[in-house]
Amino acid sequence: MEIDPVTNGNTDTVMAEPAPAIAPPRPVPSSRSSQLTESIKLEHQLLRVPFEHYKKTIRANHRSLEREVSSVVSSVGDLADNDWSKDVAVSRLTSLVSRLQGLKRKLEEGSNVENLQAQRCRARIEHLDSADVENITEWNNTKLKRILVDYMLRMSYFETASKLSESSNISDLVDIDIFREAKKVIDALKRRDVASALAWCADNKTRLKKSKSKLEFQLRLQEFIELVRADSYKQAILYARKHLTPWGATHMNELQHVLATLAFKSTTECAKYKALFELGQWDVLVHQFKQEFCKLYGMTMEPLLNIYLQAGLTALKTPYSFEEGCTKEDPLSQETFRKLAMPLPYSKQEHSKLVCYISKELMDTENPPQVLPNGYVYSTKALKEMADKNKGEIKCPRTGFVCNHTDLVKAYIS
Amino acid sequence: MDPIGTVKDGFNQVAKRQKHYHSTSQAVTDRAFEAFVDSLVQIIMKHDLKTVLTELKLKLDSLSPINQLQESQKEWNTSLTKFEKLLGKSDMFPASSRSIDLDHQLVDKMLVEYLYRHGLFEVGDRLVKEAQVEVDDQLSEAIGRSLEIHRITEPLKQKDIEPAMQWISENREKLKEHGSKLELELVSLKYLEMLRQGKRSDALRFARAHFPKFATPHSEKIRRLIVALLWVSNLENYPHGEELFSLGWDKTSKELTKQYYHLHDQPSSSPLAVLLSAGVQSLPRILKLVRVMGLEKEEWEEMKQLPVDLELRDEFRFHSVFVCPVSREQSDEYNPPMMLPCRHVLCKQTVSRLSQSCSTRRFKCPYCTAHTTAAACRQLYL
């Protein structure tokens, strides 16, 4: 009596069936550009590293070329202005000519190196460009391996990283060498030796200057403090005169603060200066180096693994993942991941998606959900198979309720 | 505009300018070289030393190599700055990464499991050594499983089904419980392979040995397979061929792996891989969300639920989710889905709102405008 007889659950009548809201189609080329914009931002590390090397080589080559040429020109000037005997002039000219020849050779070699590096940069840009709808799974697979290699490099598992990159053919897309370089510097710093760190700073002088980095200054300060610690005051003062004065203009306060340690011994109890003698200062230096290193190459301080893992955790975090009988397929069924996911936000679902308890398949328009008289819902395919095997009888796997295949009703879930 | 296209163009510009610099420097050096050789020749031909040298100096000055080099380099520099602007600042994920304490030993263990699962045994071994991973029971079991599944599925690449058949016969009852059709599929694949190679008598013998036990439940398929024997010379034209050929060796191998893990009550893919794949798919959207909403770090850290659906692919669906089409809220145990007699489904809160909390008040279904009451609705259990 309550139900309008016209619309009595007859699936064939002309009922206003809501158009099932199909999930948005797979990434179509039109949305590819937005995906790519984001991916460029995320792939900074991939592009920056070879590019920085390319830049450095070009600049260094230019500088040395400039130097050579200007010295040649000035020698000629010198020859022309002064009175030299013919033999001397001839021998000088010949030596200049051979210098020019050597210069040409160097130009060729330098250009080859630059071209190789440009190739590397191009290859990486191409790789980013190659992400297509057809090969997206493979591309994502490569990305996964790259993330893992990045993690291994940061943890200094160099052998494993090289083996993995070889076996996955991603050697062109990873930069093992710069991490090895960084490890050398960090190890030296841990041994309280600033030499390799200073060499690295000298190597990357222009870049560090552009970002107004204080790293070299901090390194010099630490060396100074070590000299004071060893009570070699005279050496300390000489060192300060040589290396610390150029920084005085910009960092006077800090300089003064550290120089004052001369007045105290390394075993001083005065808190302000005791802090400077702490061995923990070396760890601070290591951290600073890591920061400069990452900034130079456009890398994040954390391994990419952490970032993507967090993104994945939040994308998969649902209230169901924390239930008792959660399926093992959901990574959040594991205790370790649950703990990690605690502070992260839940994901939001805007469309219904039903998964059949029996077959674990998605219930969509081709495999619609059917309801048993007791209210439990399963997919049409799974229920049909069960009915076929048991002469039309259906038994609910979760409650044990038994009914006939004809008692089932199709539900409309959009 | 295709962002990668612009990056490519920018880089090409840089490379072009560099080539231009190179040719300039070559030209400059060549001309200087010529001038020098010229002067030398002149001196040897007994011309006045002083004039020759002054001429040379003038020549070099007019060539002004340094200026040319510097100008060329300047041009290169401008294209460089443009390119760097294109690359933009590296998005250091300011708001998207909360500082979670990732215990690296845990990650290392999961990494080892991942490597073994994907058959990269050597890399896994190397990692265990380098990272000094503590191989506890759980991990060694996982490794053992990976080795076993590799032993079973690797031969399938050479179309050898022996180890797989052996494993299946060892676990027959459990597989049957799950309604596994694996054995039949493997046997049919091998049979078809034999037919393809034209080994008619071998195929027949093989069929006699293996097909009988499938006769009853899958009689139709067996019949088709046997009939295929007659088409051994041109198997492609066999009319029922497509459905038989649709099983690939690859697909079956994957299915075998899945069922193996299912039997051992383990996830069918390494959880680390699943999480990272989900991360790779969702991170661009999350970053866009943060940017578009202009979130600060604190706002992000306090967020309890993402405001947007990340629209992951179906393979990441592990749980049924019902979202009420009217209120757009996710159902949970306090707000379950209710089915109206007209077969449309709404959440309980929507139903009670429509019926104004009165269980006998009539209301119209938002989809089909059929009249009904709250009492007539049934709760669904997904």
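The model is predicted, so local features need pLDDT of at least 70 and side-chain atom pairs count only at pLDDT 80 or more, while totals for chains, interfaces and linings use all residues. Residues are numbered from 1 along each chain as its sequence is written, chains are lettered from A in the order in which they are written, and side-chain values use heavy atoms, leaving out hydrogens and water.

Let's start with the sheet in chain A. Three strands make an open sheet in the order 5-4-8, with antiparallel pairing (strands are DSSP runs of E, at least two residues, and helices are runs of H or I, at least four, numbered from the N terminus; two strands pair if DSSP finds at least two bridges between them). Strand 5 (377-379) and strand 8 (409-410) of chain A stand at the edges with a single partner strand each, so one side of each has no neighbour in the sheet. Strand 4 (residues 369-371) of chain A is joined to strand 8 by 2 bridges, and A:Gln370 has A:Lys410 as its bridge partner.

Chain B has an open sheet as well, with 3 antiparallel strands in the order 3-2-6. Here strand 3 (345-347) and strand 6 (378-379) of chain B are at the edges, and B:Met339 stands opposite B:Arg378 in strand 6.

Now for the charged pairs. Side chains of opposite charge can pair when their charged atoms come close.

Within chain A, A:Arg124 and A:Asp175 meet at 2.7 Å, N to O. A:Arg124 lies in helix 3 (residues 86-129) and A:Asp175 in the loop between helix 5 (158-167) and helix 6 (176-190) of chain A, so the pair ties together parts 51 residues apart in sequence. A:Arg124 is buried at 1% relative accessibility, and A:Asp175 is buried at 12%.

Finally, the surface of chain B. B:Val41 lies in helix 1 (residues 3-44) of chain B and is partly exposed, with a relative accessible area of 41%.

Key
Buried means under 20% relative accessible area, exposed over 50%, partly exposed in between (1.4 Å probe, protein chains only). A salt bridge is a side-chain nitrogen of Lys or Arg within 4 Å of a carboxyl oxygen of Asp or Glu.
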